[in-house]
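Trainee: I would like to learn how to read a fold from its elements. Can we work through one case together?

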Amino acid sequence: MRLLFVADVSISGCTGGAERALHAEAAGLAARGHSVRVLTRRLPRHRADQESIDGAREYRYSVNDAGPVPFLSSTLRNARALFGRLLDEEPADLIHAHQPFTGFALLRDARRAAIPAVYTCHSLAFEEYATRQPHANPLLAALHIMGRRGLERGALKRSDRILTLSEFMRQRVAGAHRIPAERIDVFPGGVDAQRFRPNPDKASVRKELGWPADRFVFLTVRNLVPRMGLELLIRAMAGVAPAVKEAMLVIGGEGMLRPSLDRLIRELGLQERVRLAGFIPEVDLPRCYQAADLFILPTLQLEGFGLVTLEALASGLPVLGTRAGATPEILTGLDPQWLFDEAAPAAMARRMIEQAQALVRQPPLAAALARRCRRYIEGNYTWTRHLDRLEALYEEIRQPSVDSTREP
């Protein structure tokens, strides 16, 4: 099948969940013999307008980021021009969109060309923007949010089928964009279980990473933005420290909150207990999971799925998480007690202490939990399962019947 993915993110140098999901689909389907192309915008880190990546070919259009109006107009103009060139080179049997800007630009043309289209909504674009981009001007912020909401709704309604990675996101998309829930299918994400796997020699992994061998390590990997709940987690560590003498917290990631988180760590006297590790390269990420004792997901809102949760579990690392977004859908199937009672420092500290003390007092428990986490992932959350369903969906919507609910 000749597949064309359209996105606002790149499959080169994956830095977040949306990029990893797109890469897993594009590379995985290419490995199954499909012709896979990815159309996306050129990012500052890109050195060329096209690149071959793990069997897929990524093509990039340029944008003018001097402001919202030139950004949008250049996106619409340049994405459509590149789309036309790619179709001239090779027709597409199906288009799979992953984000709203490029998707909005192209899905009307796809409709006119009678190419069926699928759209995966990882999270609501306007909500993500609201949590990441604080504005001094409320009116300007409202206009930005309204514009993103309109673009996303247009892209969704021009698609034959809409996918989300969780039931939580299915309900959010249906409510926010007034789309019947039955038009939205839940396709849970997966994890590369070969790349993310347990390593029983934790001491050697820690030595490679430069982590102390004699500490109980809590780990989280998050963008340092307000919705991730990292301030609460650091305050929880102030409660954990007196009860678990050997405990330390490693926070991987970069973002706007780094200076304020650093100040908070100093204010609470946690310099020896909390380490801001910065951006963790993809090559080091599996080893970080293997070296830790517990993964913490302190998210406050908009956890559309949680690929890091799957990666940690596949690595044999138990996860404690808040009840935000789709996290309960993953963790309840393992152990409801791995969910915090509430997203508050005291509640988080209490559960972290309980789990840490149990693991310290019962060394065999860690190995047992690692096996349990691993079996759970292998039985429920592999990319193989995801790709099997995706191929079946593609074949289904390639049939000549047209979904009358899709807008022109």
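Mentor: Start with pairing: two strands pair if DSSP finds at least two bridges between them. Helices (H or I, at least four residues) and strands (E, at least two) are DSSP runs, numbered from the N terminus. This is a predicted model, where local features need pLDDT of at least 70, side-chain atom pairs count only at pLDDT 80 or more, and totals for chains, interfaces and linings use all residues. Residues are numbered from 1 along each chain as its sequence is written, and side-chain values use heavy atoms, with hydrogens and water left out.

Trainee: What is the bridge partner of Thr-40 in β4?

Mentor: Arg-60. That pair belongs to β2 and β4, which run parallel and share five bridges.

Trainee: How do β3 and β4 pair, and over how many bridges?

Mentor: They are antiparallel, with four bridges. Ser-52, for instance, is bridged to Arg-57 in β4. Two residues separate β3 from β4 in a hairpin, and Asp-54 in the turn has a positive phi of about 50°.

Trainee: How many residues of β4 are buried?

Mentor: Buried means under 20% relative accessible area, exposed over 50%, and partly exposed in between (1.4 Å probe, protein chains only). Five of the six residues of β4 are buried, so the strand is largely enclosed by the rest of the structure.

Trainee: What should helix α2 span?

Mentor: The expected span of a helix is 1.5 Å times one less than its number of residues. Helix α2 (residues 68-89) has 22 residues and should span 32 Å; its end C-alpha atoms are 31 Å apart, which agrees. Its buried residues include Phe-71, Asn-78 and Leu-82. Contact means heavy atoms within 4.5 Å. The buried residues of α2 pack against β1, β2, β4, β5 and α3.

Trainee: In what order do the five strands of the open sheet lie?

Mentor: The order is β11-β10-β9-β12-β13, with parallel pairing. The edges are β11 (274-278) and β13 (319-321), each pairing on one side only. For angles, axes are lines fitted to C-alpha atoms, for helices over the stretch in contact, and values run from 0 to 180 degrees between N-to-C directions. Neighbouring strands of this sheet are turned by 25° against each other on average, direction ignored. Helix α8 (residues 230-240) packs on the sheet, touching β9, β10, β11 and β12, and its direction makes about 170° with that of β10. Helix α11 (residues 307-314) lies across β9, β12 and β13, at about 170° to β12.

Trainee: And within the sheet, how many bridges join β12 to β13?

Mentor: Three, and the two strands run parallel. Leu-297 has Gly-321 as its bridge partner in β13.

Trainee: At what angle do α13 and α14 pack?

Mentor: Sort angles this way: under 35 degrees is roughly parallel, over 145 roughly antiparallel, 65 to 115 roughly perpendicular and the rest oblique. Helices α13 (residues 345-361) and α14 (residues 363-380) pack at about 110°, with axes 4 Å apart. That makes α13 roughly perpendicular to α14. Residues of α13 in this contact include Gln-355 and Leu-359, meeting residues of α14 that include Pro-363 and Leu-369.
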